[in-house]
Amino acid sequence: MGPRLTEARNPRTASIDRADSATIVHLIQAEDRAVPEAAGSQAAAIARVVDDVVERFRRGGRLLYVGAGTSGRLGVLDATECPPTFGVQPDLVRAIIAGGPGALVRSAEGAEDSRTGGAEAVRELGVKPADLVLGIATSGTTPYVLGALDEAAALGAGTAFLGCAEPSDEVVGLADHLILPLVGPEVIAGSTRLKAGTATKLVLNTITTAAMIRTGRVYENLMVDLRARSAKLVDRGIRILRTLTGESGREARHALIRTGGAVKTALAMHALDVDRALAERYLDCVDGFLGLAIERFSGAERPYYGGYPEAPGWPDSAALLERLRAAPARLVDARAEGAAADAEGHCVPADPTSWTPGQHAAHLAAFEREAVRPRLERWFEDPGQGERVRAFDDWRAGVAPAAETDFEAAAEAFAAARAATVAVIPGAVDAVLTQRARIGDETVTLYQFLRGVAQHDAAHEERIRERVHPALLAGENA
């Protein structure tokens, strides 16, 4: 088989131009039946890509699709369906299409011929070593995709290739993973929106669905990580809660209102009989796996801080420190998202008495100065003290919310305070992650402490970003 298998003529459909409608439909469907088998032949290769994607997600990386024409549109389709289905942020799975967003609705055939265009798109998206770039080119020869893969490899990112023809030597050299569902010649020679497009959709569905399951975004076979941010998702979230908890529709609706539409958090609150903050902490301890949180923290004696060292992916100090460094910027992004939702008029605040964005930012700045950095300074004040366990007051009391203040100024204060905190942490942090201290009635490691700080950041980011869809509130008194 040559590298342009998708351009070959199909002997089974050579007379299709003279066939009636029933015969044409029969011929197309007969060819389509070969697609699942071709995709199934790549099960082992797909599983290896899933494993790689899962590991990169845990390190703060992303999955990035690159394609042109039909391949690019299918990548965009799969990426855009991940946030509503699995509750992930839009930048976790991204797609680049030759010709830009306009190519989604209007053909931009010439754009796929630009190898430099693919490379530039990868650079513009800020690809980093933790990311995996998956090129999609059913023919295996699209210059835009090859340029993107070449640039991704040069930047140290992981690479994968999905095509429906035998790959060239260049593709083999560029890609860490090859997925090759060879569906054979199309019903109409070269029309890769047919069998090749269907095979591409099957493969992409499998990669993202499996990766989301492996990262704790599914419980049993329910999409518990969805956010109730549309009427359809409100209805689905209520049904999931009722199915798993036995609560009435009214109780399920109120549970979602209390969590800003977060189904999994509401389920953890119910299963563990805890408030929202503690449910979020326990879920973070196990990297979001609801079943593991219920198993680990449903006993009478359950730690507030504990569990982190056994979480999937432990330990990854580089990702943890990057998460801490990036928190001020994420807070600003969260504010922009929340403000945009308000401006569109589609969403309303979940709780009129909740803190304002300025109060959240001011709280984080004060908490950093008064609770986080002083502990770390003492933690590292005398490395020669060996196993001596330092003791601190329980930080769960936190810092009282500040009076209303300007968000931008408070966010800048938080950024400055966090930079000073990160400067306290030694460069060789792996060597000290197991150092211990006592906080309240628990002895914790440095890793537990730092990840607790990151979880606290995330909770405030979500409160600023968070909005409850009117469909939730509309039925509150029903």
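User: Among contacts in the chain between residues at least 6 apart in sequence, what percentage join residues at least 24 apart?
Analyst: The structure is a predicted model, and a contact here means heavy atoms within 4.5 Å. Counting contacts between residues at least 6 apart in sequence, the share that joins residues at least 24 apart is 72%.

User: How many helices and strands are there in the chain, and what radius of gyration does the chain have?
Analyst: The chain holds 18 helices and eight strands. For its 478 residues the globule rule gives 23 Å, and the chain's own value is close to that, so the chain is as compact as a globular protein of that length. The radius of gyration of the chain is 25 Å.

User: What part of the 478 residues in the chain is buried?
Analyst: Buried is taken to mean under 20% relative accessible area. By that cut-off, the buried part of the 478 residues is 50%.

User: Which residues touch the most other members of the largest nonpolar core, and how many residues does that core have?
Analyst: In soluble globular proteins, nonpolar side chains tend to be buried together. In this chain, the members of the largest nonpolar core that touch the most others are Leu241, Leu376, Trp379, Trp395, Leu446, Phe449 and Leu450, and the core has 57 residues.

User: How far apart are the mean positions of the positive and negative charges of the chain?
Analyst: The chain carries 53 positive and 65 negative charges, and each set has a mean position.

Conventions:
Residues are numbered from 1 along each chain as its sequence is written. This is a predicted model: local features need pLDDT of at least 70, side-chain atom pairs count only at pLDDT 80 or more; totals for chains, interfaces and linings use all residues. Side-chain values use heavy atoms; hydrogens and water are left out. Helices (H or I, at least four residues) and strands (E, at least two) are DSSP runs, numbered from the N terminus. The radius of gyration is taken over C-alpha atoms; the globule rule is 2.2 Å times the number of residues to the power 0.38. Buried means under 20% relative accessible area, exposed over 50%, partly exposed in between (1.4 Å probe, protein chains only). Lys and Arg count as positive and Asp and Glu as negative; His and the chain ends are not counted. The place of a charge is taken as NZ of Lys, CZ of Arg, CG of Asp or CD of Glu. A nonpolar core is a set of buried Ala, Val, Leu, Ile, Met, Phe, Trp, Tyr and Cys residues joined through side-chain atoms within 4.5 Å.
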